[in-house]
Amino acid sequence: MQIIIAIFLGSILGNVLPEQIGRIFSTFNSVFGSFLSFSIPLIIIGLIVPAIGNIGKNAGKLLLITTAIAYGSTLFAGFISYGVSYSIFPSILSTESFENISENTRNLVPFFEIGMPPLFDVMSALILSFLLGITISKNDFPYLEGVFNEFQKIVMSLINKAIIPFLPLFIFGIFLNMTYNGQVFAVLDTFVKIIGVIFVLHIFVLLFQYTIAGVVSKKNPLTLMRNMLPAYFTALGTQSSAAAIPITLKQTLKNDVNPTIAGFTIPLCATIHLGGSTLKIVACAIALMLVQGTTIDPLQIVGFIFMLGIAMVAAPGVPGGAIMASLGVLHSILGFDTEQQSLMIALYIAMDSFGTACNVMGDGAIAVIVNKISSKSIA
């Protein structure tokens with residue numbers, strides 16, 4: 001809601017506030033943008049290393065099955081989103097075009113800038129995270145594992161206390177500048193069209209997931225979905241997969257899932273299964289690339305979706321966690337700069353609740369599938 005208010009106010013006040021006042025917000029955006037660029041490699045390491053390390057611990061058959069299904073579901077959502085976005089967006093966004101904000105000749109110039117160069121680039125952070133995470137998962141390094149688990153807490157504090165609270169002001173400054181340079185209406189029109197397509201897509205993905213769950217469990221998919229609706233609306237309200245775990249677990253049991261299986265899969269999937277979030281990020285990225293005239297390379301997008309699926313494993317189950325975890329992949333593979341990343345953040349958080357609700361509902365479907373597979377293996 002704060003993001004939506006920030007977008008609304010920025011779109012109105014850009015033509016009202018004196019330029020000198022606008023430059024104050026532009027200065028804040030410049031400093032915060034530098035801080036965000038500095039933080040991204042740290043966020044990648046702080047989230048991905050312990051996520052991969054912890055998933056690999058005691059990697060039994062049930063864990064491998066659940067992780068494989070969750071990752072497959074996330075990839076499915078990403079590729080469906082890419083296919084539909086690439087097919088539909090060129091026509092519905094054909095009248096939309098806005099230049100890179102930073103290159104526009106009429107911008108709110110900051111009073112000063114503070115350079116905050118990252119300790120290392122994003123790709124280095126990704127590679128280092130995978131190497132460390134896999135090493136920790138395959139070996140008994142309790143001290144090293146403890147260090148990165150503690151570092152994860154620092155990064156989570158960074159996200160929750162130094163980044164997320166200031167995002168509304170950051171988004172306000174972006175839209176203030178876009179109103180000042182005359183691009184805001186094109187951007188807002190693009191936002192509305194993207195959100196409409198994503199909403200329809202997330203309904204389709206949920207129907208597909210529960211159709212598979214229904215076929216596997218030999219139950220009515222619509223009944224399975226109806227039982228999970230309280231979890232859907234809880235996630236819609238809290239915008240947090242983690243906060244929805246208790247009600248998700250309760251409703252999953254109503255679908256005749258073994259309590260042990262439910263108690264294992266629901267908390268795990270709240271962390272590693274983010275199909276709805278992946279769907280949104282891919283669609284938003286394709287849309288921004290189209291309206292900014294960026295060439296879309298199918299092989300590049302395929303690599304992006306596979307890497308995004310891995311990055312989503314590290315996304316904390318808090319509002320905005322998925323988009324924060326994806327910034328590194330957006331930059332390293334698609335070349336998104338700070339301004340493009342800011343638009344992605346605005347788009348994502350403006351409809352964060354729907355992606356989270358899609359994630360949580362999907363967790364229930366995975367629990368049903370894993371429960372059936374588990375019962376067969378036991379028998």
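Me: Hi! What should I know about the model and its numbering before I look?
Reply: It is a predicted model, where local features need pLDDT of at least 70, side-chain atom pairs count only at pLDDT 80 or more, and totals for chains, interfaces and linings use all residues. Residues are numbered from 1 along each chain as its sequence is written, and side-chain values use heavy atoms, with hydrogens and water left out.

Me: Thanks. How many helices and strands does the protein have?
Reply: There are 15 helices and zero strands. Both are DSSP runs numbered from the N terminus: helices are H or I with at least four residues, strands are E with at least two.

Me: And how much of the protein is buried?
Reply: Of the 379 residues, 52% are buried. Buried means under 20% relative accessible area, exposed means over 50%, and partly exposed is in between, using a 1.4 Å probe and protein chains only.

Me: Which residues have the most contacts inside the largest nonpolar core?
Reply: They are Ile-281, Phe-304, Ile-323, Leu-330, Leu-334 and Met-344, in a core of 80 residues. The largest share, eleven residues, comes from helix α11 (residues 275-291). A nonpolar core is a set of buried Ala, Val, Leu, Ile, Met, Phe, Trp, Tyr and Cys residues joined through side-chain atoms within 4.5 Å.

Me: What is Met-344 in contact with?
Reply: Leaving aside neighbours within four places in sequence, Met-344 is in contact with Ile-281, Cys-284, Ala-285, Leu-288, Ile-323, Leu-330 and Phe-336. Contact means heavy atoms within 4.5 Å. Apart from this core lies another, of 30 residues, among them Tyr-210, Met-228, Val-313 and Val-368.

Me: New topic: how many aromatic pairs are there?
Reply: The structure holds ten. In one of them, the rings of Phe-28 and Phe-32 have centres 5.6 Å apart and planes at 20°, so the pair is stacked. Rings of Phe, Tyr and Trp (its six-membered ring) pair if their centres lie within 6.5 Å; planes under 30 degrees apart count as stacked, over 60 as edge-to-face and the rest as tilted.

Me: Where do Phe-28 and Phe-32 sit in helix α2?
Reply: They are four residues apart in helix α2 (residues 19-56), separated by about one helical turn. Phe-28 is partly exposed at 24% relative accessibility, while Phe-32 is buried at 5%.

Me: What about Phe-76 and Phe-208?
Reply: Their ring centres are 4.3 Å apart and their planes at 20°, so that pair is stacked. Phe-76 lies in helix α3 (residues 61-92) and Phe-208 in helix α7 (residues 184-217), so the pair ties together parts that are 132 residues apart in sequence. Phe-76 is partly exposed at 24%, and Phe-208 is partly exposed at 35%.

Me: Which ring does the charged end of Lys-280 sit over?
Reply: The ring of Tyr-348, with the charged end 3.6 Å from its centre. The rule is that NZ of Lys or CZ of Arg is within 6 Å of the ring centre and within 35 degrees of the ring normal.

Me: Last one: what is the phi of Lys-218?
Reply: Lys-218 has a positive phi of about 60° although it is not a glycine. Most residues other than glycine have a negative phi. Lys-218 lies in the loop between α7 and α8 (221-238) and is exposed at 73% relative accessibility. Asp-256 also has a positive phi, near 65°, and is found in the loop between α9 and α10 (259-272).
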